[in-house]
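Welcome! Here are a few exercises to work through with the model in view. Take them one at a time, then read each solution.

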Amino acid sequence: MLAAGLVLAIAGRVARWLALGVTALAGVLVTASAAAVLADPVPATTTGTTDATGVTDLASPVALTPWPWLAAAVGVLVVVRRGARRARRPHVGSDRGAGTSVSSTGTDAPDAGPAAGDGAGGDAPDAHDDWDALSRGTDPSADR
């Protein structure tokens with residue numbers, strides 16, 4: 001899910017949608033797995049005990065810890081958070097570095113020149129600008 005978060009931050013539109021879907025699916029699977037353990041913890045406990053010790057019969061009743069509840073909550077949180085983040089951030093133009101930029105009015109405008117931070121403006125360069133410069137075939141460290 002951390003890798004999907006990184007993809008959501010730096011990838012193009014299609015990759016963001018794929019990462020969003022994979023992240024939501026991961027959240028659903030985590031929640032479903034935790035719910036299965038909460039509904040009947042004996043099979044999960046027996047499997048874990050058998051794998052770790054080779055013993056197939058449990059000598060005492062199974063007592064749940066807070067971890068399955070926490071896992072279920074995290075799974076639900078991942079699904080809700082990803083959905084809320086996507087709903088809250090509308091698509092405002094083309095992908096970064098595609099030849100247009102979003103003006104302060106929210107409309108697409110042709111690029112007037114190098115991106116801020118490419119050595120042409122007063123702003124300090126950031127990682128996105130450096131990647132964009134590399135994509136254009138220029139060395140961002142040559143201007144520094």
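**Exercise 1.** Which residues make the nonpolar surface patch of about 330 Å²?

*Solution.* This is a predicted model, where local features need pLDDT of at least 70, side-chain atom pairs count only at pLDDT 80 or more, and totals for chains, interfaces and linings use all residues. Residues are numbered from 1 along each chain as its sequence is written, and side-chain values use heavy atoms, leaving out hydrogens and water.

Step 1: the patch is made by Trp67, Leu70 and Val74.

**Exercise 2.** Decide whether Trp67 is buried or exposed.

*Solution.* Step 1: recall the cut-offs, with buried under 20% relative accessible area, exposed over 50% and partly exposed in between (1.4 Å probe, protein chains only). Step 2: Trp67 has a relative accessible area of 62%, so Trp67 is exposed.

**Exercise 3.** Find the class of His128 and its C-alpha separation from Ile10.

*Solution.* Step 1: His128 lies in helix 5, residues 127-135. Step 2: its relative accessibility is 32%, so His128 counts as partly exposed. Step 3: His128 and Ile10 are 118 residues apart along the chain, yet their C-alpha atoms are separated by 7.9 Å.

**Exercise 4.** Describe the make-up of the protein chain.

*Solution.* Step 1: the chain has 5 helices and 2 strands. Step 2: along the sequence they follow the pattern α-α-α-α-β-β-α. Step 3: of its 144 residues, 17% count as buried.

Technical notes:
Patch = residues over 30% accessible without salt bridge, like charges linked within 9 Å, V, L, I, M, F, W, Y side chains within 5 Å. Areas by Shrake-Rupley, 256 points an atom, 1.4 Å probe, with all protein chains shown as cover. Salt bridge = Lys/Arg side-chain N within 4 Å of Asp/Glu carboxyl O. Helix = DSSP H or I, 4+ residues; strand = E, 2+ residues; numbered from the N terminus.
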